[in-house]
Amino acid sequence: VNITNIARGGNLLRNGDMEQGMTTDWITRWFTPMYLSTEAHSGKYAMRTLVDEDSYQPGGANGIYQDIADVVRRYGRGTYKVSVWVKKSSSATDSTRISLGISDQYDIGSAKVTIAPTTDWKKMEYIYQYNGNPETLSVLYFCVGYSDGGTKGFLMDDMIMEKIK
């Protein structure tokens with residue numbers, strides 16, 4: 001007997017608020033350095049990345065990921081809302097864009113929203129429609145990053161994924 005779980009409440013990401021500290025729930029693109037920061041949007045901690053022009057970062061390939069394939073296999077087809085609060089980690093950050101999205105590759109892909117980060121916290125939201133077969137889904141990533149510029153340091157906090165329909 002296969003029972004579809006249609007519960008829609010709460011955050012479906014693991015450690016999205018970073019209050020559990022640095023965990024293996026999050027991975028990085030091209031070894032983007034990650035740090036725990038006390039400059040949080042809410043709570044005690046946020047995630048900070050630091051990418052500079054001397055790092056091995058081909059193009060805009062940087063940022064953080066969480067594999068959400070298990071979540072989508074469990075909750076199935078439908079509409080998901082993802083969000084994150086972001087800001088530049090310092091005035092030295094020269095990024096003019098940062099992206100939030102869902103991808104089935106180790107790349108942010110085209111399912112994304114992009115904003116210009118500032119030194120103040122900004123909320124990013126993206127609505128993702130999954131119409132595939134959840135049983136055959138192998139990987140699917142929640143992604144934040146792909147910032148441009150030479151010094152790409154930014155903070156992320158309160159990352160959320162919810163099933164909305």
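Is Glu 162 buried, partly exposed or exposed? Glu 162 is partly exposed, with a relative accessible area of 26%. The legends below treat this residue and several other sites in a predicted model.

**Figure 1. Confidence of the predicted chain.** The model shown here is predicted. The protein chain has an average pLDDT of 87, and 88% of the residues score at least 70. Among the elements of the chain, the lowest mean pLDDT, 84, belongs to β1. The highest, 97, belongs to strand β5, which covers residues 78-88.

**Figure 2. The open sheet of 5 strands.** The strands follow the order β1-β4-β9-β6-β7, and their pairing is antiparallel. β1 (27-28) and β7 (112-115) stand at the edges with a single partner strand each, so one side of each has no neighbour in the sheet. Within the sheet, strand β4 (residues 63-67) and strand β9 (residues 141-145) run antiparallel and are joined by 5 bridges. Tyr 65 has Cys 143 as its bridge partner in β9.

**Figure 3. Strand β3 and the strands that pair with it.** Strand β2 (residues 34-37) pairs with strand β3 (residues 46-49) in the antiparallel sense, over 4 bridges. In this pairing, Ala 46 of β3 is the bridge partner of Ser 37. β3 also pairs with strand β10 (residues 154-163), again in the antiparallel sense, over 3 bridges. Here Thr 49 has Phe 154 of β10 as its bridge partner.

**Figure 4. A salt bridge in the segment before β1.** The whole structure contains 6 salt bridges. One of them joins Arg 14 to Asp 25, with the closest N and O atoms 3.1 Å apart. Both residues lie in the segment before β1, so the pair ties together parts that are 11 residues apart in sequence. The two partners can be described by their accessibility: Arg 14 is partly exposed, at a relative accessible area of 37%, whereas Asp 25 counts as buried, at 17%.

**Figure 5. The salt bridge between Glu 39 and Lys 87.** The side chains of Glu 39 and Lys 87 meet in a salt bridge of 2.5 Å, N to O. Glu 39 belongs to the loop between β2 and β3 and Lys 87 to strand β5, and this pair links distant parts of the chain, 48 residues apart. Glu 39 is partly exposed, with a relative accessible area of 36%. Lys 87, by contrast, is buried, with a relative accessible area of 9%.

**Figure 6. The salt bridge between Glu 162 and Lys 81.** Glu 162 forms a salt bridge with Lys 81, and their closest N and O atoms are 4.0 Å apart. Because Glu 162 lies in strand β10 and Lys 81 in strand β5, the pair ties together parts that are 81 residues apart in sequence. Lys 81 is partly exposed, at 24% relative accessible area, and Glu 162 is also partly exposed, at 26%.

Figure 7. Asp 157 is found in strand β10. This residue is buried yet has no salt bridge. The nearest side chain of opposite charge is that of Lys 87, 10 Å away. Which backbone nitrogen lies 2.9 Å from a polar atom of the side chain of Asp 157? That nitrogen belongs to His 41. The side chain of Asp 157 also reaches the backbone nitrogen of Ser 42, at 3.2 Å. Leaving aside neighbours within four places in sequence, the residues in contact with Asp 157 include Gly 16, Asp 17, Ala 40, Tyr 45 and Ala 46. Val 84, Trp 85 and Trp 121 are also among the contacts of Asp 157.

Figure 8. Most residues other than glycine have a negative phi. Asn 15 has a positive phi, near 55 degrees, and is not a glycine. Asn 15 lies in the segment before β1 and is buried, with a relative accessible area of 4%. Asp 158, likewise not a glycine, has a positive phi of about 50 degrees. The place of Asp 158 is in strand β10, and at 12% relative accessibility Asp 158 counts as buried.

How values were computed
Residues numbered from 1 in each chain as written. Predicted model: local features only at pLDDT ≥ 70, side-chain atom pairs only at ≥ 80, totals over all residues. Heavy atoms only, no water. Pairing = 2+ DSSP bridges. Helix = DSSP H or I, 4+ residues; strand = E, 2+ residues; numbered from the N terminus. pLDDT = per-residue confidence, 0-100. Buried < 20%, exposed > 50% of the residue type's maximum accessible area, 1.4 Å probe, protein only. Lys, Arg positive; Asp, Glu negative; His and termini not counted. Polar contact = N/O pair within 3.5 Å; in protein donor to acceptor, adjacent residues only side chain to side chain. Contact = heavy atoms within 4.5 Å.
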